[in-house]
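Please look through the sequence and the model shown below before reading on. The report that follows takes up a few regions in turn, beginning with a strand and its partners.

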Amino acid sequence: MTKLPAPDATRAPDRINLATGTDGGGACASKDTMLDAARKAGKSDILDQYAADYPVDPARGPHDQPQSMCPAFGSLRVGLRMKRTATVLSGSACCVYGLTFTSHFYGARRTVGYVPFSSETLVTGKLFEDIKEAVEGLADPANYDAIIVTNLCVPTASGVPLRLLKKQINGVRIIGIDVPGFGIPTHAEAKDVLAGAMLKYAREEVATGPVPAPKTRSDRPSVALLGEMFPADPVVIGQMLEPLGLAAGPVVPTREWRELYAALDCSVAAAIHPFYTASVREFETAGRPVIGSAPVGADGTAAWLQSLGDTLGLPQDKVDSVKNTMIGAIKGALAAQPIKGRITVSGYEGSELLVARLLVESGAEVPYVGSACPKTRWSDADREWLEAKGVRVNFRASLEEDIAAVEEFRPDLAIGTTPVVQHAKAKAVPALYFTNLISARPLMGPAGAGSLATVINGAMGNKARFDAMRDFFEGVGTQHAAGVWEDTPVDRPKFRKKYAALNEAARKAAEAVGT
């Protein structure tokens, strides 16, 4: 029989903590646990930058971070939309599966690369070597301009150092980013993480020498447009800019690498979506001024054009001429398709305030607008305008707050995320999903005016159908009595309380394992 070595008295005993949110971990550990682990693993700098760029309010208690889909979906979506760009994920297999599924559900047509790991490769550093090997094998300039490598929660918390990857392999740019759910509040802001990283890389390329010219480039000064929007909106903005001697530049996030150079070459950047903090920083570092809001509705269009004119020093008579033409056309379109009714607005795309402005100018009563994105100086103009109209504006809105607004204001229509829509419809209140049914329409200029009216008025016109369905299903039960029963279940709060106490005792016992 082999004799075992004597125990090392100086070695700390192995401990396994099975309780979520304590010293254990894994993909489902608590936010604080993961943050602490990431800082100990050397990720403090990037986490501090994220905290500054995408602030949350700890005073909000358990709802300091809004409920959104996995943040990495945002950056993944940006990468998958770019031509000649490969996307590689490093994270738990369940996370990668969910992100890949969701991306393809939303129309991605490109393969998502995955570097798997085990406890051994994660702890020993072999995971980084596996990522490095995968990137080197993928870096073919015939196929790619760039490769995006993304650390999800576990590799970020474990300190996998993507910053040590080569910046370029065979002429292919390598961009490594950390997109942890415990460091970035929403998937909308994760779009900015990647967009900002690519702008930074492109800006540094421009600073070191000549770069390839964009496929299309206007001979007029351009306005770069920051934030995803309906494809017709940049065209409409371009039509507004033409009489001013300007052109609409690329939309950031871009669809191919060379568009980044054209974006940085703009005369001014327009933060249509105001939460792109990292991207704004790159434009300002490049010496480009940035303006907020957007040409939405008559008031919004007039203010945006004036801001543009003031920033670029355009002749006031030219600005006034364009304003007068646009305002007349927009007011005519709004008057032709008015919206009458009370509407609450909420979402996590970042354009919620713009939609609320357009609804108010269309004649709707909008008592509440909630956005999961943060308040920034680029949204101040929209917030101030809405508040002057009596609208309650709530940044970093939680699901509970959005639902509470539906309960408080009893709208004729609720626009929101899926669970808000579900809640409203269960109350026989017509509702529309913001992302698929509102974001998928033009908002800017005359084309945007009235664009929402058909779907909004159509939804509000369905109130009678919701009432009929509610009456039809009346009596089927809710909560503990949900369903159709011969004998309706009796609510037993004492029974629930007893077993809640037993479950809590079991949780504490599990937490004590190994201590």
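Which residue stands opposite Asn151 in β3? The residue opposite Asn151 is Ser90. Please keep in mind while reading that the model is predicted.

## Strand β3 and its partners

Ser90 is part of strand β1, which covers residues 85–90, and this strand runs parallel to β3, joined to it by six bridges. Strand β3 also pairs with strand β5 (residues 172–178), again in the parallel sense and over six bridges.

Strand β3 spans residues 146–151, and since six of its six residues are buried, the strand is largely enclosed by the rest of the structure. In a regular strand, side chains alternate between the two faces of the sheet. In β3, Ala146, Ile148 and Thr150 point one way, while Ile147, Val149 and Asn151 point the other way, and all of them are buried.

## An open sheet of four strands

Another part of the model holds an open sheet of four strands, which follow the order β7-β6-β8-β9 with parallel pairing. The edges are taken by β7 (247–252) and β9 (290–291), and because each of these has a single partner strand, one side of each is left without a neighbour in the sheet. Strand β8, made of residues 268–270, pairs with β9 in the parallel sense over two bridges, and Ala270 has Ile291 in β9 as its bridge partner.

At Val252, the peptide bond to Pro253 is cis, with omega at about 5°. Pro253 itself is found in the loop between β7 and α10, a helix of residues 258–264.

## Two helices

Helix α4 covers residues 93–105 and contains Ser103. Is Ser103 buried or exposed? Ser103 counts as buried, because its relative accessibility is 3% and the cut-off for that class is under 20%. A polar atom of the Ser103 side chain lies 2.8 Å from the backbone oxygen of Leu99. Leaving aside residues up to four places away in sequence, Ser103 touches Phe73, Leu76, Leu80 and Ala108.

Helix α11 runs over residues 277–285, and its buried residues are Ala278, Ser279, Val280, Glu282 and Phe283. An α-helix has 3.6 residues a turn, so residues three or four places apart point the same way. After α11 comes Gly287, which has a positive phi near 85°.

## Enclosed spaces

Rolling a probe the size of a water molecule over the atoms shows where empty space is left. How many cavities of 30 Å³ or more are there in the model? The count comes to two. The largest cavity holds about 80 Å³ of space, and its lining is made of Pro274, Phe275, Gly350, Ser351, Leu353, Leu354, Ser371, Cys373, Pro374, Ser379, Asp382 and Phe395. Sorted by class, that lining has seven nonpolar, four polar and one charged residues.

The second largest cavity has a volume of about 30 Å³, and the residues lining it are Lys132, Val135, Glu136, Leu165, Lys166 and Ile169. Helix α6 (residues 126–138) gives the largest share of this lining, namely three residues. By class, the lining of the second largest cavity divides into three nonpolar, no polar and three charged residues.

Where is Arg410 found? Arg410 lies in the loop between α16 (399–409) and β13 (413–416). Its phi is near 45°, which is a positive value in a residue other than glycine. With a relative accessible area of 47%, Arg410 is partly exposed.

Ala428 also has a positive phi, of about 65°, although it is not a glycine. This residue is found in the loop between α17 (418–426) and β14 (431–433). Ala428 counts as buried, because its relative accessibility is 2%.

Definitions and conventions. Residues are numbered from 1 along each chain as its sequence is written. This is a predicted model: local features need pLDDT of at least 70, side-chain atom pairs count only at pLDDT 80 or more; totals for chains, interfaces and linings use all residues. Side-chain values use heavy atoms; hydrogens and water are left out. Two strands pair if DSSP finds at least two bridges between them. On a 1 Å grid over the protein atoms alone, a cavity is a set of points where a 1.4 Å probe fits but cannot get out, and a pocket is an open set with protein on both sides within 12 Å along at least five of seven lines; lining residues have an atom within 4 Å of a point. Grid points are joined across faces, edges and corners, and a volume is the space filled by probe spheres set on the points. Ala, Val, Leu, Ile, Met, Phe, Trp, Tyr, Cys and Pro count as nonpolar, Asp, Glu, Lys and Arg as charged, and the others, Gly among them, as polar. Buried means under 20% relative accessible area, exposed over 50%, partly exposed in between (1.4 Å probe, protein chains only). A polar contact is a pair of N or O atoms within 3.5 Å; within protein, one must be able to donate a hydrogen and the other to accept it, and residues adjacent in sequence count only if both atoms are side-chain atoms. Contact means heavy atoms within 4.5 Å.
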